[in-house]
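Dear colleague,

Please find the structure below, handed over for your own work.

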Amino acid sequence: MPELPEVETVRRGLLKIAKGRRINTIDVYYGKTITNDVEEFRQALIGQTIEDIDRRGKYLLFRFSNNLTMVSHLRMEGQYFSQPIGGPIDKHTHVVFQFTDGTELCYHDTRKFGRMTLVRTGDEMQVGGLKTIGPEPTPETFKLDFFRDELKKSRGKIKPFLLNQRHVAGLGNIYADEVLWMSRINPEQPANSLTDQQIKNLHANIIKELAQAIKYKGTTVHTFANAFGDAGGFQERLNAYGHGGDRCPRCGTKMVKIKVAQRGTTYCPHCQPLREDLP
């Protein structure tokens with residue numbers, strides 16, 4: 001599933017190929033992609049202009065000229081791309097927005113899990129996971145005191161804690177492994193057992209790592225591509241995720257891959273020991 005850096009990369013591409021375009025017509029080939037009534041969705045947006053595209057966590061927010069917002073969640077493999085009107089449409093292209101400038105924005109999703117929901121602007125935070133989403137991982141919004149309080153309230157393992165979007169928005173499996181490796185924290189360490197220094201390090205590394213991943217336009221592991229069809233560049237800079245069996249770049253110990261909360265999880269047993277001497 002695309003995580004925050006990948007979705008932000010898609011958003012920046014969409015600003016170049018969709019912002020300011022006026023919709024002439026909309027073709028929907030897989031109705032379940034739209035959570036609204038499909039015809040009402042079409043009629044509400046035909047003739048409208050995409051004024052801006054925002055992001056919250058892993059959700060894209062298309063802002064339209066008639067005070068409507070389309071919440072788009074890419075889920076596993078959703079992708080947007082632009083082409084001239086009349087370009088090839090394959091069986092995995094489920095929604096096509098045709099613009100008056102002769103281009104069209106296509107939504108492609110081989111797994112068919114992605115969804116689009118149209119709401120009044122201002123009501124978008126009532127859609128799905130946005131209802132309970134945590135702060136964006138930036139210095140301005142992701143406060144250390146909030147993070148510390150959330151950790152102290154949790155008896156669960158730190159890896160699933162980080163994957164819970166209530167605590168911090170946008171982290172997924174890739175970047176959770178990375179920030180735990182950076183912070184020398186075992187993925188099975190109870191969240192409420194972290195030392196104050198570990199909390200500070202983890203908080204800082206979350207902000208730093210996601211900013212770096214955005215800088216390098218996200219991580220391509222399987223199929224992620226930006227709105228221009230280009231792969232991300234951050235996969236070459238991963239230290240933990242996908243490196244089970246490899247040598248730790250920090251200490252040379254063989255990296256181990258296990259399952260934590262049903263998710264493949266890679267860590268260094270030397271750099272990230274599980275602390276069991278807890279009070």
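In what order do the 4 strands of the open sheet stand? The order is 2-3-4-8, with antiparallel pairing; two strands count as paired if DSSP finds at least two bridges between them. Strand 2 (50–56) and strand 8 (115–120) are at the edges with a single partner strand each, so one side of each has no neighbour in the sheet. On average, neighbouring strands of this sheet are turned by 20° against each other, direction ignored.

This is a predicted model, in which local features need pLDDT of at least 70 and side-chain atom pairs count only at pLDDT 80 or more, while totals for chains, interfaces and linings use all residues. Residues are numbered from 1 along each chain as its sequence is written, and side-chain values use heavy atoms, with hydrogens and water left out. Helices (H or I, at least four residues) and strands (E, at least two) are DSSP runs, numbered from the N terminus.

Within the sheet, strand 4 (residues 68–73) pairs with strand 8 in the antiparallel sense over 6 bridges, and Val-71 stands opposite Thr-117 in strand 8. Two helices pack on the sheet, where contact means heavy atoms within 4.5 Å. Helix 1 (residues 4–17) touches strand 2 and strand 3 (59–64), and its direction makes about 170° with that of strand 2. Helix 2 (residues 38–45) touches strand 3, strand 4 and strand 8, and its direction makes about 60° with that of strand 8. Axes are lines fitted to C-alpha atoms, for helices over the stretch in contact, and angles run from 0 to 180 degrees between N-to-C directions.

Helix 1 also meets helix 6: their axes come within 9 Å and cross at roughly 40°. Leu-4, Pro-5, Glu-8, Thr-9 and Arg-12 in helix 1 touch Leu-210, Ala-213 and Ile-214 in helix 6.

In helix 3 (residues 144–152), Phe-147, Arg-148, Glu-150 and Leu-151 are buried, that is, under 20% relative accessible area, with exposed over 50% and partly exposed in between (1.4 Å probe, protein chains only). Seen down the helix axis, these buried residues fall within an arc of 165°, so they line one face of helix 3; the arc is that of the directions from the helix axis to the C-beta atoms. They pack against helix 4 (158–163) and helix 6 (196–215).

Finally, strand 9 (residues 256–260) and strand 10 (residues 263–267) run antiparallel, joined by 5 bridges. Lys-257 has Thr-266 as its bridge partner in strand 10. The hairpin of these strands has 2 residues between them, and Ala-261 takes a positive phi near 55°.

With kind regards
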